[in-house]
Amino acid sequence: MEILKMPVAPIGANCYIVSEADEAFIIDPGGNAEKIIRAAKNFNVRYILLTHAHFDHIGGLNDISEAFPDAKTAVSTFEHDWLYSPQLNLSEDFGLTSVFKGKVALKLEDGMTLDFAGTKIKVLHTPGHTPGSTCFYIENSGKPVLFSGDTLFRSSIGRTDLPGGNGRKIVESIKTKLLTLPDETVVYPGHDENTSISLEKKLNPFLH
């Protein structure tokens, strides 16, 4: 399994293209859609997965879904409506208008699994940054990997001062859903550098 990390406009959210043989899925196409499309054009894109529906993680969604019409767009059942509301996805606050023109194929719920190239993508509902914040966990043949969105960062956690945020819930989500994963799990966050579960157990000041 190959993982391509692409920080994208407007504020450097990490988009990921995860591929295995000729198949791929895309996580959080926040912007720079042409760049993402070029990188994924030779794959059969199965899913477009959203960790949450803030504007900086969905800004390229329309162009990506049009470029890969067979890909299933998936977002938490709690944030389906956010894709269609500039107020809820906060794009309005930044002078933008992010409104998804397509349809959501999968409404994600905690514990769901998605099939991908012989592996399983496990859906973890981790509210706190937003009500529907979602992480994606894959226990592959190498080290297990976690795409943590804006829930868990290297030595930090997602902000909780935005509408729908909750400080108590994000810490609870991390401790009960993420820190219980294997220590060797590599964490690919929604912004900035990668980390690991073992590192965050030891050094994350927000979790002690």
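The model is predicted: local features need pLDDT of at least 70, side-chain atom pairs count only at pLDDT 80 or more, and totals for chains, interfaces and linings use all residues. Residues are numbered from 1 along each chain as its sequence is written, and side-chain values use heavy atoms, with hydrogens and water left out.

## The open sheet

Strands and helices here are DSSP runs (H or I of at least four residues for helices, E of at least two for strands), numbered from the N terminus. Two strands pair if DSSP finds at least two bridges between them. On that basis, 6 strands make an open sheet in the order E7-E8-E9-E10-E13-E14, with mixed pairing. Strand E7 (113-116) and E14 are at the edges with a single partner strand each, so one side of each has no neighbour in the sheet.

E7 and strand E8 (residues 119-125) run antiparallel and are joined by 4 bridges. They form a hairpin with 2 residues between them, and Ala-117 in the turn has a positive phi of about 45°. E8 continues to E9 with 5 bridges, again in the antiparallel sense. Lys-122 has Tyr-137 in E9 as its bridge partner. Strand E9 (residues 134-138) is joined to E10 by 3 bridges, and these two also run antiparallel. Phe-136 stands opposite Phe-147 in E10.

## Aromatic pairs

Rings of Phe, Tyr and Trp (its six-membered ring) pair if their centres lie within 6.5 Å; planes under 30 degrees apart count as stacked, over 60 as edge-to-face and the rest as tilted. The whole structure holds 6 aromatic pairs. In one of them, Phe-147 and Tyr-188, the ring centres are 5.3 Å apart and the planes lie at 25°, so the pair is stacked. This pair links distant parts of the chain, with Phe-147 in strand E10 (residues 145-149) and Tyr-188 in strand E13 (residues 186-189), 41 residues apart. Tyr-16, Phe-147 and Tyr-188 form one aromatic cluster.

Buried means under 20% relative accessible area, exposed over 50%, and partly exposed in between (1.4 Å probe, protein chains only).

| Residue | Relative accessibility | Class |
|---|---|---|
| Phe-147 | 1% | buried |
| Tyr-188 | 14% | buried |
| Ser-65 | 18% | buried |
| Asn-32 | 36% | partly exposed |
| Asp-192 | 61% | exposed |

## Helix H1 and the cores

Helix H1 (residues 33-40) has Ala-33, Ile-36 and Ala-40 as its buried residues. Seen down the axis of H1, they fall within an arc of 65° (taken from the directions from the helix axis to the C-beta atoms), so they line one face of the helix. The face turned away from this buried side carries the exposed residues Glu-34 and Arg-38. Contact means heavy atoms within 4.5 Å. The cover over the buried residues of H1 includes strands E1 (2-8), E2 (13-20), E3 (23-27) and E4 (44-49), together with helix H3 (61-67).

A nonpolar core is a set of buried Ala, Val, Leu, Ile, Met, Phe, Trp, Tyr and Cys residues joined through side-chain atoms within 4.5 Å. The largest one has 23 residues, and Ile-17, Ile-26, Ile-36, Ile-64, Phe-68 and Leu-83 have the most contacts inside it. At least two residues of this core come from each of E1, E2, E3, H1, E4 and H3. H1 supplies the largest share, 3 residues. Another core, of 19 residues, lies apart from it and has Ile-27, Ile-121, Ile-138 and Tyr-188 among its members.

Leaving out residues up to four places away in sequence, Phe-68 touches Ile-26, Ile-37, Ala-40, Lys-41 and Val-45. Ser-65 lies in helix H3. With the same exclusion of residues up to four places away, Ser-65 touches Ile-48, Thr-73 and Phe-100. The side chain of Ser-65 reaches the backbone oxygen of Asn-62 at 3.0 Å, a polar contact (a pair of N or O atoms within 3.5 Å; within protein, one must be able to donate a hydrogen and the other to accept it, and residues adjacent in sequence count only if both atoms are side-chain atoms).

## Backbone exceptions

Most residues other than glycine have a negative phi, and most peptide bonds are trans. The peptide bond from Ala-9 to Pro-10 is cis, with omega near 5°, and Pro-10 lies in the loop between E1 and E2. Asn-32, not a glycine, has a positive phi of about 50° and sits in the loop between E3 and H1. Asp-192, also not a glycine, has a positive phi of about 70°; its place is the loop between E13 and strand E14 (195-196).
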